[in-house]
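I am opening my notebook on this structure.

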Amino acid sequence: MTLGVTVLGATGSIGCSTLDVLALHPERYHVVALTGFSQLDRLAAQCVRFSARFAVVPDDAGARRLRTLLAEADCATEVLCGEDALCRVAALDETDVVMAAIVGAAGLAPSMAAVRAGKRVLLANKESLVVAGALFMREVARCGATLLPVDSEHNAIFQSLPAAWSGDMRAAGVEKLVLTASGGPFRTWGADAIARATPEAACAHPNWSMGRKISVDSASLMNKGLELIEARWLFDVPAADIEVVVHPQSVIHSMVRYRDGSVIAELGEPDMKTPIACALAWPERIRADVAPLDFMALSGLTFEAPDLARFPCLRLAYQALEAGGDATCVLNAANEVAVAAFLERRIPFSGIPALIEDALATQDLIASGSVDALLARDAEVRAWAWQRIAAC
Ligand SMILES: NC(=O)C1=CN([C@@H]2O[C@H](COP(=O)(O)OP(=O)(O)OC[C@H]3O[C@@H](n4cnc5c(N)ncnc54)[C@H](OP(=O)(O)O)[C@@H]3O)[C@@H](O)[C@H]2O)C=CC1
Ligand SMILES: CC(=O)[C@@H](O)[C@H](O)COP(=O)(O)O
Ligand SMILES: [Mn+2]
């Protein structure tokens, strides 16, 4: 019997890597559903290759186009559309495992649907926890879902913590979680050059090949800010007990400091197929077709403190986590709009932290009590942010 897998965001960087890993293990997994947004040719090819039972696209026009492509390939995949369909394929009876790899807050509702259906959820979509961390983790516990971190740092910490981690640092002898950051493509740049950086430069990550939004987040260090918030909720550890260390080689993917002075880390090549395979099969270990780490080829492992003056986004993430309420939802919405506007060349790179700082200073941070209320908050902040950009 093979396990049924739904891949949310199949056409993206994580989605494609997930399918590469699944293809190595046909005796363990079969694809139930694949979802895409704009890359419909790629989605059609994936449906054919993996004989997907369902495919989901955003709207009717996309569904018509995908059906035509599938008919040409004589492929029987059933095409659905809209957000309800994303939630439906995340919760299907025949789906055992859900890879949550949609980018941004758009991933929250389908990730939550998978959690509420008690699935094994492989979480790449860090924004789910940034927008709705407390509610999300409460639902994981209430619905008996199994949540496995895919984000490389959190997967490394997951592997470095005791197996029966409950969030009780004292009982486990854990002193600190240590998130490593590459520092991004602007690590050595001066503030003026960073302020004028182009989208091409921001998307040229030194170590990882990723989607454009997360690449810009890495360049601004907002990715580390989002990961700080993600770690706070995933591992139930206060922000004060989470350190960020810049490690430009991205060989150590993150670490845990223990009371007795031990530091346990996970190391490897910077290839997301490793954490994806780890989360898919845990506690078993399966092949990921990742090159073995060649210690002799490493020039060295170096470490620096993050520079919060040149990279204010990380400071803003600490500030939002400290503020509580809806502050991290506001931070995320403002960041998503700012990154999109930067990629469209409507604002400079320095406009990203400026917009987020403005959002945190002016928007309502009172806590919303439900996912729907948080998504309404998210929509309000986005509307405000686009108006703010248009007015400049
Ligand atoms: N890439 C990486 O190495 C890592 C990524 N992550 C996280 O994983 C998530 C995915 O990242 P990544 O794969 O790089 O991103 P990509 O941009 O490469 O892929 C995003 C996926 O989401 C789909 N999508 C985009 N917008 C929507 C929407 N509004 N509704 C539904 N689907 C949508 C895209 O469809 P289409 O392409 O068809 O338009 C695509 O399938 C992010 O949350 C990121 O932070 C975490 C760690 C590492
Ligand atoms: C691969 C992964 O998990 C990314 O989040 C990556 O870590 C980005 O690197 P930095 O944000 O450290 O530059
Ligand atoms: Mn990461």
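**Entry 1: two loops.** I looked up Leu221 and found it in the loop between α11 and α12. Helices here are DSSP runs of H or I with at least four residues, strands are runs of E with at least two, and both are numbered from the N terminus. Leu221 has a phi near 70°, a positive value in a residue other than glycine. I then looked up Pro283, in the loop between α13 (273–281) and α14 (312–323). The peptide bond that leads from Trp282 to Pro283 is cis, with omega near 5°.

**Entry 2: ground rules.** The model is predicted, so I noted its limits: local features need pLDDT of at least 70, side-chain atom pairs count only at pLDDT 80 or more, and totals for chains, interfaces and linings use all residues. Residues are numbered from 1 along each chain as its sequence is written, while chains are lettered from A and ligands numbered from 1 in the order in which they are written.

**Entry 3: the whole protein.** I counted 17 helices and eleven strands. The C-alpha trace spans about 55 × 55 × 45 Å along its principal axes.

**Entry 4: strand β1.** Which strands does β1 join? Strand β1 (residues 3–8) runs parallel to β2 (residues 29–35), with five bridges between them. Four bridges join β1 to β5 (residues 97–100), also in parallel. Strands pair if DSSP finds at least two bridges between them. Val7 has Leu34 as its bridge partner in β2, and Val7 stands opposite Met99 in β5. With helix α1 (residues 13–23), β1 and β2 make a right-handed β-α-β unit. Right-handed means that, with the strands pointing away from the viewer, the path from the first strand over the helix to the second runs clockwise.

**Entry 5: domains.** I found domain 1 (3–149), domain 2 (157–297) and domain 3 (315–391); the bounds come from an automatic or database domain assignment. Between domain 1 and domain 2, 23 residues of the one are in contact with 23 of the other (C-beta atoms, placed from the backbone, within 7 Å). On the domain 1 side, α1, α6 (127–143) and β7 (146–149) each give two or more residues. Helix α6 gives the most, with seven.

**Entry 6: ligand 1.** How many residues surround ligand 1? There are 27, and the closest are Gly9, Gly12, Phe37, Met210 and Gly211. A residue counts as near if its C-beta atom, placed from the backbone, lies within 6 Å. The largest share, three residues, comes from α1. Domain 1 and domain 2 each supply at least three residues of this shell. By class, the shell has twelve nonpolar, eleven polar and four charged residues. Nonpolar covers Ala, Val, Leu, Ile, Met, Phe, Trp, Tyr, Cys and Pro; charged covers Asp, Glu, Lys and Arg; the others, Gly among them, are polar.

**Entry 7: ligand 2.** The residues around ligand 2 include Asp151, Glu153, Trp208 and Lys224. Helices α7 (152–160) and α12 (222–234) each give two or more residues to this shell. It divides into three nonpolar, five polar and three charged residues.

Technical notes
Contact = placed C-beta atoms within 7 Å.
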